[in-house]
Amino acid sequence: MTPLSLDTALSQAPGAAPKPVVTDRMRETAESFEASFIAQMLKPMFEGLSTDGPFGGGEAESTWRSFMIEAMAKQTVKAGGIGLADTVVAEMLKMQEQSQ
């Protein structure tokens, strides 16, 4: 059961099913999913890059590249993302309504 705020609980009619509420955990899960999606979309952009040259990171750069891509994806979500997290939260709320 999702926690309800006092205002939400008081505004509902007696006997009515509680309205779903977006929790911090739902938002965090949706943003984590969006970050994973963005990371998968970014991965092909870096596959053909050469790490040679005077400013390249060599073998270490290619070894740690997946971590860099993941960090870029998380930062993209933190900056507003692409809107996928909002859609995921909306679907979570629909599922919550159906289960009540």
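Met41 is exposed, with a relative accessible area of 53%; exposed means over 50%, buried under 20% and partly exposed in between, with a 1.4 Å probe and protein chains only. The model is predicted: local features need pLDDT of at least 70, side-chain atom pairs count only at pLDDT 80 or more, and totals for chains, interfaces and linings use all residues. Residues are numbered from 1 along each chain as its sequence is written, and side-chain values use heavy atoms, leaving out hydrogens and water.

**Met41**
- Met41 belongs to helix α2 (residues 24-46); helices are DSSP runs of H or I with at least four residues, numbered from the N terminus.

**Arg65**
- Helix α3 (residues 58-78) holds Arg65.
- Arg65 is buried, its relative accessible area being 11%.
- Apart from neighbours within four places in sequence, Arg65 is in contact with Phe46, Leu49 and Thr51, where contact means heavy atoms within 4.5 Å.
- A polar atom of the Arg65 side chain lies 3.0 Å from the backbone oxygen of Phe46.

**Confidence**
- The protein has a mean pLDDT of 82, and 82% of its residues reach 70 or more; pLDDT is the predictor's confidence in each residue, from 0 to 100.
- Confidence is highest in α2, at a mean of 95, and lowest in helix α1 (residues 6-11), at 46.
- Residues 1-10 have a pLDDT below 50, and this stretch has 10 contacts in the model beyond near neighbours in sequence.
- Where pLDDT is low, the predicted coordinates should not be read in detail.

Note on methods. Helix = DSSP H or I, 4+ residues; strand = E, 2+ residues; numbered from the N terminus. Polar contact = N/O pair within 3.5 Å; in protein donor to acceptor, adjacent residues only side chain to side chain.
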